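My notes follow in the order in which I took them.

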Amino acid sequence: MSMADAATKRGHIVMIPCMAHGHIIPFLALARLIQQRTNFTITTANTPLNIQYLRSALSSSSQIRLAELPFDAIQHGLPPNIENSENLPLARIIHLFHSSLSLEAPLHSLVSQITQEEGQPPLCIISDLFLSWANNVAKSLGTRNLTFTTGGAYGTLAYISMWSNLPQRKTDSDEFWVPGFPQNFRFHRTQLHRYLRAADGTDEWSRFLIPQIALSMESDGWICNTAEEIEPLGLQLLRKYLGVPVWSVGPVLPPDTLRGSKHRAGKEPGMALEVCMEWLDLKDENSVVYISFGSQNTISASQMMALAEGLEESGRSFIWVIRPPFGVDMNGEFREEWLPTGFEKRMKDTKRGLLVHKWGPQLEILSHRSTGAFLSHCGWNSVLESLSNGVPIIGWPLAAEQAYNVKMLVEEMGVAVELTRTVESVISGEQVRKIIEIVMDRQGKGKEMKEKANEVAAHMRNATKENDQEKGSSVRAMDDLVRNIFSSKAL
Ligand SMILES: *[C@@H]1O[C@H](CO)[C@@H](O)[C@H](O)[C@H]1NC(C)=O
Ligand SMILES: *[C@@H]1O[C@H](CO)[C@@H](O)[C@H](O)[C@H]1NC(C)=O
């Protein structure tokens, strides 16, 4: 079947992202990509408050249908009205994960209803790697199951293999091999989040993740938010490990309709976009370090102090999206005592540093010519946003698959250096200063990283290029995915 045929055929796809903004946004972007090339109806299902968020984030002209799945946070031991990971400390996110199992029955009803109304089941259900129970719904209603991982190929493979195999338990050594990777690859115990380090198969993380990962590995195919050119090794290894088709359709970045102030609809920005942009406009090209640990993470109080000292000693300009330290309500008020005396005022008076409380306009900051490096937790969305703008990375992984992303960015891509790992490490201001110097240096390693980051950005542009003469690899993968989804109906 040609693309022209696929574009005229009707069909329905149901998508279900994990209850986290970092997953919902790429799912929406994927839905939009599918819709741009088909006549498919797309329904995105989630809990009521997440649907409310989606509604506020989508433009009014959006054709994406939204379906609420009834959910009662209190019944699952969660605080009232908490349906999204962003409002929970990491320790409680596992409860949100477990509570997602209660959505299986409502999803089943939704898909049955669509089947009744349309006289046939949807073409497929695309579910988040973390919600693979949706595959049970797909199976019982005779529709196809696809998994969308919002992570990269390398990081996702390391994550699923670590949780499925718990390789750290099979050795006393700090370094070990992880199934799915070449024999000579070594991962280090400190790259494992403390929950994984402690996992033995019976803890609450294992009890959720291990079966979900097993179900996802039995999906008909995977969709991955990466591109052939930027992750050749990761994709090769992931395909071999899974043994099913993996479509690399990325980078799937927030669609234009979601950019800017609406990107985080429902949340108050810590600072107006214009203020950040005017501040950056006054700076030299590639002279500013941007620092953010994402919407889900923060660092410890002593690390925060060291980071501030290092930044001040470096003499470089910076924008720091700052939140209360680990152990305190991350969304609460910021207290001056967490920073060196007079730090914020000094930075403001000298125009050396801009502190943005809570969250900032990340995409706009990263795409500004003055931004020269990104000190990041290396969540995959942040990695893509940085590299698509040719900005090299200082890695400080804190959770999930972030440490594996950093390993790949350092060893495979050469676009990053790692400052430290986890919220438990001890760092000094001197370490911070040194690493900033390396990355911001216009000679040597800094120059090399900048060139490589620009190259990755060019690869990303090529992968997503679409015009009369040529189609990039991710565009072709998207075409193939759509064809594949449609042709499965005939089976
Ligand atoms: C996904 O669908 C395929 C058939 O299309 C089926 O063989 C497989 O068991 C399904 N996976 C799960 C986890 O149900
Ligand atoms: C991107 O594509 C253009 C034209 O097809 C090609 O000349 C260029 O080398 C590609 N860039 C990279 C980084 O591969």
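I began with K139, in what is a predicted model, and found that a polar side-chain atom of K139 lies 2.9 Å from an oxygen atom of ligand 1. I then looked up N145, where an N or O atom of the side chain is 2.5 Å from an oxygen atom of ligand 1. Taken alone, ligand 1 exposes 360 Å², and the protein buries 68% of that.

I listed the residues around ligand 1 as N135, K139, N145, L215, E218 and D220. Sorting this shell by class gave me 3 charged, 2 polar and 1 nonpolar residues.

Next I turned to ligand 2, and asked which residues are around ligand 2. I found A458, H459, N462 and E470 there. A polar side-chain atom of N462 lies 2.3 Å from an oxygen atom of ligand 2, and for H459 I noted 3.4 Å between an N or O atom of the side chain and an oxygen atom of ligand 2. Taken alone, ligand 2 exposes 360 Å², of which the protein buries 42%. By class, I recorded the shell around ligand 2 as 1 nonpolar, 2 polar and 1 charged residues.

I then went to S127, which I located in strand β4, residues 124-128. Is S127 buried or exposed? I noted S127 as buried, because its relative accessible area is 0%, and buried means under 20%. Leaving out residues up to four places away in sequence, I found that S127 touches I16, F27, S132, A134, N135, L146, T147 and F148. One of these contacts, N135, I had already listed among the residues around ligand 1.

Last, I looked up helix α9, residues 204-216, which has 13 residues and reaches 19 Å from its first C-alpha to its last, close to the 18 Å expected at 1.5 Å a residue. In α9 I marked W205, S206, F208, L209, Q212, I213 and S216 as buried. As a reminder to myself on reading such a list, an α-helix has 3.6 residues a turn, so residues three or four places apart point the same way. For what covers the buried residues of α9, I wrote down elements including the helices α4 (90-99), α6 (134-140), α7 (153-165) and α8 (194-197), together with the strands β5 (144-149) and β8 (221-224).

Terms used
Residues numbered from 1 in each chain as written. Chains lettered and ligands numbered in written order. Predicted model: local features only at pLDDT ≥ 70, side-chain atom pairs only at ≥ 80, totals over all residues. Heavy atoms only, no water. Near = heavy atom within 4 Å. Polar contact = N/O pair within 3.5 Å; in protein donor to acceptor, adjacent residues only side chain to side chain. Areas by Shrake-Rupley, 256 points an atom, 1.4 Å probe, with all protein chains shown as cover. Nonpolar A, V, L, I, M, F, W, Y, C, P; charged D, E, K, R; others polar. Helix = DSSP H or I, 4+ residues; strand = E, 2+ residues; numbered from the N terminus. Buried < 20%, exposed > 50% of the residue type's maximum accessible area, 1.4 Å probe, protein only. Contact = heavy atoms within 4.5 Å. Expected span 1.5 Å × (residues − 1).
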